[in-house]
Amino acid sequence: MRNLPFVWVRYRTLTLDLLPRLRPFSTDAPGGGSVAVKQVTRSNFNAALEGLRACVEESDFVAVDLEMTGVTSAPWRESFEFDRSDVRYLKLKDSAEKFAVVQFGVCPFRWDSSKGSFFAHPHNFYIFPRKELPLHGPPDDFLWQATSIDFLAKYQFDFNACIYEGISYLSREQEGEALKGLSSEYLEGLANSFCNFEEPVDIPIARTSDILFSERMKNKLHKWHDSILRSPDKAYIAKEDAGINNAQFQTVFFKMRPAIMLNGFTSHQLKLIQLVVKKHFNDLMYVRVVDEDNSWQRRVVYVDTNEDKALLMKDVLEDLRKNAEKRIKSSVGFRHVVDLLASAGKLIVGHNCLLDLAHIYNKFFGPLPSSLTEFVQAVHEKFPHIVDTKHLLNSNQTIQSLMKKNRKSLSSAFSLLCPNVSSNFQTTSKSYLRFEVQTDEISSSCFNSGAKHEAGYDAFMTGCVFARACSLMGVKFDVGSPSFDLPRNAKINKYINVLYPSWNSGTVVHLDTGTEFLDPNYKHRYPPVIYANTTLIWGFLPKLKPKDLKECIIKVFGLDSVKSVFFIDRTSALIQFSKEEFVHKFLALKNSLEDNHDLVSVLHPLSKLLEGGNTRAADFDTYRDICAGSASKVLFADQADSLGITWKTKVCAARMQDTEDVCCRETTEDGSLAKHSNGKKNDFKRQSKHQSSYEEIIGSLFSSKTLLERAS
């Protein structure tokens with residue numbers, strides 16, 4: 001996935017014109033079967049949540065799957081085989097933070113002994129990071145990878161359902177921040193902005209129309225106020241008696257007090273009414289309250305005494321607090337599903353699901369931890385039992401012999417292990433498990449035929465593959481049998497909480513310990529990487545190929561000096577030397593050649609690498625530091641520039657003394673060694689204008705040869 005185009009999407013700018021409505025899923029969709037998947041949007045979310053809650057509580061395990069708006073925010077952020085564990089996690093973290101989840105598939109599975117089959121309940125939730133509350137913090141922007149849009153559209157993804165009907169959500173941290181905002185100081189300041197103050201306030205006279213309007217409102221309020229005083233024992237004051245316009249003034253009761261509900265006024269007019277009340281009426285209060293539809297209502301309320309006024313203020317504040325809490329709770333949205341899965345303690349099944357877990361943690365719990373160890377331990381705390389079917393398929397010898405050399409993708413495994421489900425293959429063989437999908441007759445219109453790469457259907461496939469794998473390993477699905485306690489079953493226990501960090505990492509990570517181990521089943525393309533022996537180079541000309549890079553280095557340090565060359569992108573690479581000392585010698589030599597613009601530098605074998613004047617080099621830790629940057633430039637060299645890196649070579653100060661004699665000396669014309677003084681550079685422009693003599697060229701070549709011999 002190199003050189004991918006990216007689209008920066010701000011959700012507020014998406015329009016229907018840009019997103020033509022796609023046809024619904026059907027049995028003709030690529031890879032689809034006749035499995036009914038419940039489609040859930042915000043219109044039927046509450047009802048679907050209650051149904052799902054019952055299914056999860058009765059389930060034996062729950063399969064999940066996510067569809068995201070992209071995977072890599074830049075080509076060099078792909079996971080490479082030579083990436084160290086911390087770098088691999090930084091790339092995983094970047095992906096989860098920059099891309100959005102647009103579909104979340106949940107499929108509980110329950111074994112029915114009486115029918116000898118699993119009952120599945122696949123749900124496909126459309127979700128969208130719509131901001132429902134005015135929370136502080138960065139805007140809800142995300143990247144949408146152009147290839148991902150094309151991929152989702154190919155499999156009939158309904159973009160309109162996602163954007164317009166997708167379920168919003170708050171993470172636990174966002175909910176906590178919102179609740180903190182309900183402090184008494186905040187609410188008091190909010191209420192005081194609209195309630196009566198003791199001090200007089202002058203009405204600004206900006207326009208004649210404002211003066212006339214204010215005077216008219218004062219007269220109307222006086223009539224209403226006088227009618228209240230004349231008839232204090234009446235529960236209702238007729239509008240015509242108060243001289244109030246029926247369209248804009250309604251006499252109501254608010255908190256057992258007579259009040260006027262203001263309708264049809266502009267915000268400027270309401271401000272003028274508020275100022276009139278403040279200046280002319282000590283026993284009236286202007287308040288703003290929230291009605292049952294979460295819309296603001298303005299009222300002028302009659303109060304008997306100052307004590308009554310204080311009590312009304314307290315009641316208004318309490319209403320505001322309760323309403324705000326209600327809004328926050330309702331804004332939690334889809335996170336209720338994640339909370340359900342976390343609290344149920346069921347076995348969670350995913351396929352190559354570490355990125356899914358990173359998204360789940362980032363979107364629904366809080367910011368991702370800074371290290372892989374902290375992350376996997378945090379995930380393990382929320383979900384104590386997780387199985388990755390990708391690892392299961394690659395590790396179990398019984399399944400390996402059955403699959404032989406078949407691909408381990410989810411759809412391939414589903415087709416091979418569950419042909420009776422994937423292709424409606426009819427068989428009486430008891431070796432195949434039976435799966436039945438239960439639908440709700442009342443809401444049958446919410447069900448569509450599932451299709452490959454729809455999160456709900458992929459979750460169903462994942463669960464079927466896991467159940468079939470358990471059967472092949474000899475797990476007995478007899479209710480009440482000790483072996484059916486899946487998280488503690490000895491046959492599958494060693495596969496629980498073991499995940500792949502990435503498809504090409506060659507390692508597995510244990511969630512319960514936070515440690516990473518080599519995967520004995522993975523076939524490495526490159527020799528094992530020794531990171532202390534590895535140098536990062538970037539900014540060289542794109543015409544250089546891996547063999548060119550290797551050739552110019554081995555001319556200096558010898559044929560066996562370079563173990564491997566890993567290209568990050570077309571202008572960046574990692575070079576693994578055979579010895580750590582070559583790393584420091586190379587960095588110091590590069591630094592010396594760039595400081596001395598003489599003929600030795602021009603004719604040196606490394607000059608091809610340094611051509612263009614923008615080549616930079618450092619140790620492997622610098623590669624990690626650049627990957628940790630929040631930006632995602634297309635080229636790795638541009639990413640380094642965005643972090644403010646101005647130096648050309650990062651040389652370890654502790655190693656400079658060891659390499660100084662080799663890298664900071666050159667041979668004079670008569671063969672004697674002359675050490676360069678620090679900080680003194682030759683004028684390259686003057687040298688380029690000087691016509692070198694035959695003796696100078698021969699001397700430079702001799703000097704270069706001597707330098708190479710010492711360096712190697």
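These legends walk through close-up views of a predicted model, one packing arrangement at a time.

**View 1. The whole chain, for orientation before we zoom in.** The protein chain holds 27 helices and 24 strands. Of its 712 residues, 53% count as buried. If we take the contacts between residues at least 6 apart in sequence, 74% of them join residues at least 24 apart.

**View 2. A four-stranded sheet in the order 8-9-11-10.** This is an open sheet of 4 strands with antiparallel pairing. At its edges stand strand 8 (249-254) and strand 10 (284-290), and each has a single partner strand, so one side of each is left without a neighbour in the sheet. On average, neighbouring strands here are turned by 35° against each other, direction ignored. You can follow the pairing from strand to strand. Strand 8 pairs with strand 9 (residues 257-262) in the antiparallel sense over 6 bridges, and Q250 is found opposite M261 in strand 9. Strand 9 in turn runs antiparallel to strand 11, with 4 bridges joining the two; here A259 stands opposite V301 in strand 11. Strand 11 and strand 10 are paired over 7 bridges, again in the antiparallel sense.

View 3. Helix 7 lies across strand 8, strand 9, strand 10 and strand 11 (296-302), and runs at about 55° to strand 11. Helix 10 (residues 306-331) also packs on this sheet, where it touches strand 8, strand 9, strand 10 and strand 11. The direction of helix 10 makes about 10° with that of strand 10. How many residues of strand 11 are buried? The count is 5 of its 7 residues, which leaves strand 11 mostly covered.

**View 4. Helix 7 meeting helix 9.** Helix 7 (residues 208-230) packs with helix 9 (residues 267-280) at an angle of about 55°, and their axes are 10 Å apart. That angle makes helix 7 oblique to helix 9. The crossing of the two helices is right-handed. From helix 7, the residues in contact are D210, F213, S214, M217, K218 and L221, and they meet H268, Q269, L272, I273, V276, V277 and H280 of helix 9. Sorted by class, this contact of helix 7 with helix 9 has 7 nonpolar, 4 polar and 2 charged residues.

**View 5. Helix 16 crossing helix 18.** The axes of helix 16 (residues 410-417) and helix 18 (residues 455-472) come within 9 Å and cross at roughly 50°. That makes helix 16 oblique to helix 18. The crossing of helix 16 and helix 18 is left-handed, whereas helix 7 and helix 9 make a right-handed one. Helix 16 contributes L410, S411, A413, F414 and L417 to the contact, while helix 18 brings Y457, D458, F460, M461, T462, C464, V465, R468 and L472. By class, the contact of helix 16 with helix 18 has 10 nonpolar, 2 polar and 2 charged residues.

View 6. Which residues of helix 11 are buried? They are R335, V337, V338, D339, L340, L341 and A342. With 7 of its 10 residues buried, helix 11 (residues 335-344) is largely enclosed by the rest of the structure. Just past the end of helix 11, G345 takes a positive phi of about 70°.

View 7. Strand 19 (residues 534-538) pairs with strand 22 in the antiparallel sense over 4 bridges, and I537 sits opposite A617 in strand 22.

Methods: Residues are numbered from 1 along each chain as its sequence is written. This is a predicted model: local features need pLDDT of at least 70, side-chain atom pairs count only at pLDDT 80 or more; totals for chains, interfaces and linings use all residues. Side-chain values use heavy atoms; hydrogens and water are left out. Axes are lines fitted to C-alpha atoms, for helices over the stretch in contact, and angles run from 0 to 180 degrees between N-to-C directions. Angles under 35 degrees count as roughly parallel, over 145 as roughly antiparallel, 65 to 115 as roughly perpendicular and the rest as oblique. A crossing is left-handed if the near helix is turned anticlockwise from the far one by less than a right angle, and right-handed if clockwise. Contact means heavy atoms within 4.5 Å. Ala, Val, Leu, Ile, Met, Phe, Trp, Tyr, Cys and Pro count as nonpolar, Asp, Glu, Lys and Arg as charged, and the others, Gly among them, as polar. Two strands pair if DSSP finds at least two bridges between them. Buried means under 20% relative accessible area, exposed over 50%, partly exposed in between (1.4 Å probe, protein chains only).
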